[in-house]
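Please look over the model below before reading on. My notes follow as numbered points.

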Amino acid sequence: MSNEYNPYSAPASAVETDVEFRRPERASKGQRFGTLLIDYVFIWVFSFLIGIAAVMLFGPAGAAELKRIPPLLLGVVVVLFFYIFFESIWGRTPGKFIVGTVVVNAKGEKPSFGQIVGRTLCRMIPFEAFSFFGEEGWHDSIPNTRVVVTRGR
């Protein structure tokens, strides 16, 4: 058979050999701060909806039971649930969706559930917010996670 056309040969394709690997760009401190503010608004709304649901389901007794829970404990539970729920499923909170960032592990992949839980628990360390005056926050460095940009790359 001639070299012109063989219907039994494998199809040819052009493959780029000079593919450049780009390391994901870390989110800036401004993006991280914007995410924090947006998430706190969502946490506040979520907390408000919990109160409304308790009153709608259980009436005044539901509101009375919520008042019996220490506010700090209730706040910690809501924050833990919020971050673990969103970051374990999507790797992003609503603030990260809006700002265009995502949580990844050191390899740039989706972090494990254990890393997400560790990351969320690290948020409860007193003065953890001040750790961002350094290179990265403790809730990133301890569980070995990163927040990277997903838009505009």
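1. Terms first: helices (H or I, at least four residues) and strands (E, at least two) are DSSP runs, numbered from the N terminus. This is a predicted model, in which local features need pLDDT of at least 70 and side-chain atom pairs count only at pLDDT 80 or more, while totals for chains, interfaces and linings use all residues. Residues are numbered from 1 along each chain as its sequence is written, and side-chain values use heavy atoms, with hydrogens and water left out.

2. Most residues other than glycine have a negative phi. N144 has a positive phi, near 60 degrees, and is not a glycine. N144 sits in the loop between helix 6 and strand 2. At 34% relative accessibility, N144 is partly exposed (buried means under 20% relative accessible area, exposed over 50%, partly exposed in between; 1.4 Å probe, protein chains only). F127, also not a glycine, has a positive phi of about 65 degrees. F127 lies in the loop between helix 5 (113–122) and helix 6 (138–141). F127 counts as exposed, at 62% relative accessibility.

3. T145 belongs to strand 2 (residues 145–149). Is T145 buried or exposed? T145 is buried, because its relative accessible area is 0%.

4. K96 is in helix 4 (residues 94–99). K96 counts as buried, with 4% relative accessibility. What does the K96 side chain join through a polar contact? The partner is the side chain of E87, at 2.9 Å. Neighbours within four places in sequence aside, K96 also touches T35, D39, R119, R123 and V147, among others.

5. Next, the cores. A nonpolar core is a set of buried Ala, Val, Leu, Ile, Met, Phe, Trp, Tyr and Cys residues joined through side-chain atoms within 4.5 Å. The largest has six residues: I43, V78, V79, F82, Y83 and F86. Helix 3 (residues 71–89) supplies the largest share, five residues. A second, separate core has five residues, including A27, I116, V147 and V149.

6. P71 is exposed, at 70% relative accessible area. From P71 to F86 is 15 residues in sequence and 22 Å in space, C-alpha to C-alpha.

7. Last, a helix pair. The axes of helix 1 (residues 29–58) and helix 2 (residues 60–68) come within 6 Å and cross at roughly 135 degrees. Helix 1 is therefore oblique to helix 2. Axes are lines fitted to C-alpha atoms, for helices over the stretch in contact, and angles run from 0 to 180 degrees between N-to-C directions. Under 35 degrees is roughly parallel, over 145 roughly antiparallel, 65 to 115 roughly perpendicular, and the rest oblique. I50, G51, A54, V55 and F58 of helix 1 meet P60, A61, G62, A63 and L66 of helix 2.

Technical notes
Contact = heavy atoms within 4.5 Å. Polar contact = N/O pair within 3.5 Å; in protein donor to acceptor, adjacent residues only side chain to side chain.
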